[in-house]
Structure formats: structure tokens, C-alpha cells
Amino acid sequence: MKLQNESTLTWLDLPARIESLAQFRNFVLECAGAAGLPETVQARIDLVLEEVLTNVFNYSFEDGQTGTVSVGCGQTPDKKSFLLRVTDSGRPFDPLGQTSPDTTVGAADREVGGLGIHLARQVSSDMVYRHQNGHNVLDIYFRT
Amino acid sequence: MECTSHKENKAVVIKVTGRLDAVTAPEFDNACSTWIDQGETCLVIDLTGVEYISSAGLRCFLVLHKRLKAVSGTLDLSGLQGMVKEVFNISGFATLFPVHPTLEKAVEATE
């Protein structure tokens, strides 16, 4: 799906399933390496990519239905950030609208889950969600 | 991800290397659960060789902790570093379990 301000992004489309994770990872880290990002930032991108994609795999598509996920990445036009954009045509789902888990309670009271997006928000610089033209669009920025 | 494990006195020491992600987490969970299924209640997990962990990996530790607590067992961790340490800190997991700087210290704590 074409959106404005994406002339600097390169894209990869794959089925929305866990088996696609490794290919997406190679694609994004290659792109980050080509942009000259230090390893510490690449490690953060690595984590965020997994958290965001597994979220889409689990929630955007109904059981038994597999759609396509598109991942775009590249430097922003001002070269101050690296942008990771994840889009899918599954059901509208705003990962940023979910409540964050309480990270201060003891193990017995911890919910098993809800952590992924919390981690992604903490290690990225900014995350912006919108639903546009029937697609979930999640932009994740990493300041470089 | 690779796991090797052995008994050291009453503790089961599980050394993990590689990536603990959504793909490998079930495998890690199996490797640890096998010991609990066999009646072991004292697990020491060394993460010195782990270069990456995601929420899927963290979840394994929570599940293990709950299973061990149910049998009055213990779960001790060692060797967190770099991004793995950061992820444990951000998630608050670093305060959920006893975290030791080295495997030796973690095993000592169980004795």
C-alpha cells in the first residue's frame, strides 16, 4: 500500500505468520546496516520488529485466515531517524491502545502477556498508529 | 538457541545460548519443563550465552516461576548482559527473580 512520505522506504511483503519473522528480520537489519546504524540501535530495531510482527500475526487476522504483512524501512527524509513501518489489511487493531502491564507487581500477580508492545515502546523513540484505507499502519521511529 | 543442562548438587543448571525469541521460546520451555516434570524443583538458568530475548522469551520465565512456586521450588538466573539485561530491567523481570552476576554465585545461592 502506498502512503505519503515513503519514497525513502524499501519494502518486503510476506504472509502474516511466524515463519516469515526470520526473513523480515534479515531484510530490516540489512536495511539498518546499510543506513549505517550502530549495533546498539540495530539490537533495538530487532526486538521491536519481533514484538510488533508477532502482535500482528496474533491479533490482526482471524483464526485460520492468513493475510499479508508489509514491512517498510529506511531513513526519514531529514536523516535524523530510522523509520520502520508495518502495515496489514487485517482487522483494525491499535496496539498502542492496549493498557501496559504493571511492571512493578510480583511474579504471582503478573499476567503472562501484554509485555511485547510495552517493550517496543520503551526501546523505540516514537510509535504512531493509524487505520488508513482499510489498513493498519504502525510507524516506529528510532533516532539515529 | 541451544540448551545444555546438568545436575549440580540439588540444582539443575541450564545453560542457554543464542536467541530466545517467539520461534525458539517453546523449545526452551520444553527443555526446562522436562526437568520439572521429573520432579526437580531447583532450577538455575545461565543466560551468559544469550544475545537476544523478546517478550516471548520472558514469558517462559514467568511460566517456569509459577510452576516452580506451586511445588515450593526456586528459579535463579545468572549472566544477564547487554540488551538481555536491559529487557529484564525494562520489563521489571529483573526484580521478579534472584539474578546473580555469575553462574557460580547462582549455584551457591541454592545450596
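**View 1. Lys79(A) sits in the loop between strand 2 (68-75) and strand 3 (81-88) of chain A.** Strands here are DSSP runs of E, at least two residues, and helices are runs of H or I, at least four, both numbered from the N terminus. This is a predicted model, where local features need pLDDT of at least 70, side-chain atom pairs count only at pLDDT 80 or more, and totals for chains, interfaces and linings use all residues. Residues are numbered from 1 along each chain as its sequence is written, chains are lettered from A in the order in which they are written, and side-chain values use heavy atoms, without hydrogens or water. Lys79(A) isn't a glycine, yet its phi is positive, about 65 degrees. Lys79(A) is also exposed, at 56% relative accessible area (exposed is over 50%, with a 1.4 Å probe and protein chains only).

**View 2. Asn133(A) lies in the loop between strand 4 (126-132) and strand 5 (135-143) of chain A.** Here's another non-glycine with a positive phi, about 50 degrees. Most residues other than glycine have a negative phi. Asn133(A) is exposed too, with a relative accessible area of 60%.

**View 3. Arg19(B) makes a salt bridge with Asp46(A).** Their closest N and O atoms are 3.0 Å apart; the rule asks for a side-chain nitrogen of Lys or Arg within 4 Å of a carboxyl oxygen of Asp or Glu. The count between chain B and chain A is two salt bridges.

**View 4. Chain B meets chain A through 24 residues of chain B and 26 of chain A.** Contact here is heavy atoms within 4.5 Å.

Terms used: Buried < 20%, exposed > 50% of the residue type's maximum accessible area, 1.4 Å probe, protein only.
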